[in-house]
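Here are a few notes to read alongside the structure.

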Amino acid sequence: VINGAMQVAQRATSASAGNDTCVSLDRHRTFVSGGGAYTLSQETDTPSGQGFKNSMKVTVSTADSSIAAGDYYIIQHRIEGQNVAHFMLGTSSAVKVTLSFWVKSSLTGNFGGSFLNSDNNRSYPFQYNISTANTWEKITKTVQLDTTGTWLTTNGIGFKIYFDLGSGTTYQGTADAWAGTNYHTASSSVQLIGTNSATWYVTGLQLEVGSVATPFEHRSYGEELQLCRRYLQYFDAHSNYDRFAIGTATTTDDCNFLFKFNPYMRDVPTLVHGTLSEIVVLDNDNSAEAIGSLSIDTNTDGPQGCNVEASDITSDVMTAGDATQMSANNTANAFISFDSEL
């Protein structure tokens with residue numbers, strides 16, 4: 001598990017989830033289908049004496065007390081197939097693994113989760129008990145992994161961990177048994193989304209081979225950030241006129257900017273940027289010029305790096321070959337990022 005201690009939040013330290021996919025803390029995402037909504041946030045509330053600095057918090061902002069059969073609210077962690085090849089999933093040699101994490105909630109009872117493959121046609125619903133409200137508790141769950149089904153060992157999705165916040169009957173299955181379908185949770189689990197302002201926290205998420213939950217492997221922030229950057233490289237403005245990259249004009253109104261990735265990314269990334277008016281090109285007389293569009297040059301894209309094309313620039317003084325810079329436009333909210341999430 002990458003970012004199991006919830007240290008890294010490159011995109012934002014809080015985000016809202018409602019009828020969509022949402023990513024806040026790195027490597028953890030949520031999927032929502034239904035009328036409810038909640039926020040995800042990075043917090044400093046952690047279990048005492050365990051060495052954690054951060055946790056992830058879910059706060060229900062719009063309750064869904066009558067979940068339709070096909071609706072769901074889930075937190076998901078996806079593990080790259082190359083990182084779980086030694087699990088030998090789908091073979092007679094599949095190993096046992098132990099999931100461990102710290103959790104607390106304003107609600108008590110048997111909460112649900114699941115393990116799944118990339119095709120969502122093999123799943124293992126489970127439950128864990130929170131016995132005392134608003135109190136950190138350590139949970140461990142040992143599972144004999146699946147000896148059938150298709151499990152990727154490529155740079156695709158090798159293994160998924162779900163934490164269920166409320167799913168309809170379509171996605172509820174028998175606890176502690178592998179099934180050939182897409183279950184998010186065990187039947188009769190607590191549905192956090194049904195209670196307005198309910199909270200759920202998690203940290204110290206760890207998955208390891210064997211039947212014993214060993215102490216959490218704390219990595220430095222630098223190590224964790226570098227692991228996260230395989231899936232997201234995020235360049236944000238630390239000042240109102242921060243520079244993102246240097247480049248070259250290719251015409252009077254187009255420029256190329258080279259980005260080299262460190263480390264190499266999981267796969268060819270997609271470009272995600274902030275409000276375009278918050279990013280400008282500085283032309284050869286150092287004027288801030290508006291950009292019509294930003295895109296990755298598909299002739300140069302790859303996991304090692306790429307050229308970003310800034311097109312339809314308003315400048316009337318550039319000529320091909322001029323040096324240019326990409327800059328924040330008098331705002332610290334500007335950002336450009338490369339996303340290769342699973």
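1. Let's begin with the aromatic rings. In this predicted model, the count of aromatic pairs comes to 21. Phe163 and Trp200 make one of them: their ring centres are 5.4 Å apart and the planes meet at 50°, so this pair is tilted. Phe163 belongs to strand β11 (residues 157-167) and Trp200 to strand β14, and the two are 37 residues apart in the chain. Phe163 counts as buried, at 4% relative accessibility, and Trp200 is buried too, at 0%.

2. Please also look at Tyr234 and Phe335, which are stacked, with 5.0 Å from centre to centre and 15° between the planes. Tyr234 sits in strand β15 (residues 232-236) and Phe335 in strand β24 (residues 335-339), so this pair ties together parts 101 residues apart in sequence. With a cut-off of under 20%, Tyr234 is buried at 15%, and Phe335 is buried at 18%.

3. One aromatic cluster is formed by Phe87, Phe115, Tyr124, Phe126, Trp151, Phe159 and Trp178.

4. Now to an open sheet of 7 strands, paired antiparallel in the order β20-β19-β23-β16-β17-β22-β21. β20 (288-290) and β21 (293-296) are at the edges with a single partner strand each, so one side of each has no neighbour in the sheet. On average, neighbouring strands are turned by 35° against each other, direction ignored. Within the sheet, 4 bridges join β19 to β23, and Ile279 stands opposite Ala328 in β23.

5. Finally, the largest pocket holds about 360 Å³ of space. Its lining has 22 residues, and Val1, Ile2, Leu207, Glu217 and Arg219 are the closest to the centre. By class, the lining has 9 nonpolar, 6 polar and 7 charged residues.

How values were computed
Residues numbered from 1 in each chain as written. Predicted model: local features only at pLDDT ≥ 70, side-chain atom pairs only at ≥ 80, totals over all residues. Heavy atoms only, no water. 1 Å grid on protein atoms, 1.4 Å probe; cavity = no way out; pocket = protein on both sides within 12 Å on 5 of 7 lines; lining within 4 Å. Points joined across faces, edges and corners; volume = space filled by probe spheres on them. Nonpolar A, V, L, I, M, F, W, Y, C, P; charged D, E, K, R; others polar. Pairing = 2+ DSSP bridges. Axes fitted to C-alpha atoms, helices over the stretch in contact; angles between N-to-C directions. Phe/Tyr/Trp six-rings, centres within 6.5 Å; stacked < 30°, edge-to-face > 60°. Buried < 20%, exposed > 50% of the residue type's maximum accessible area, 1.4 Å probe, protein only.
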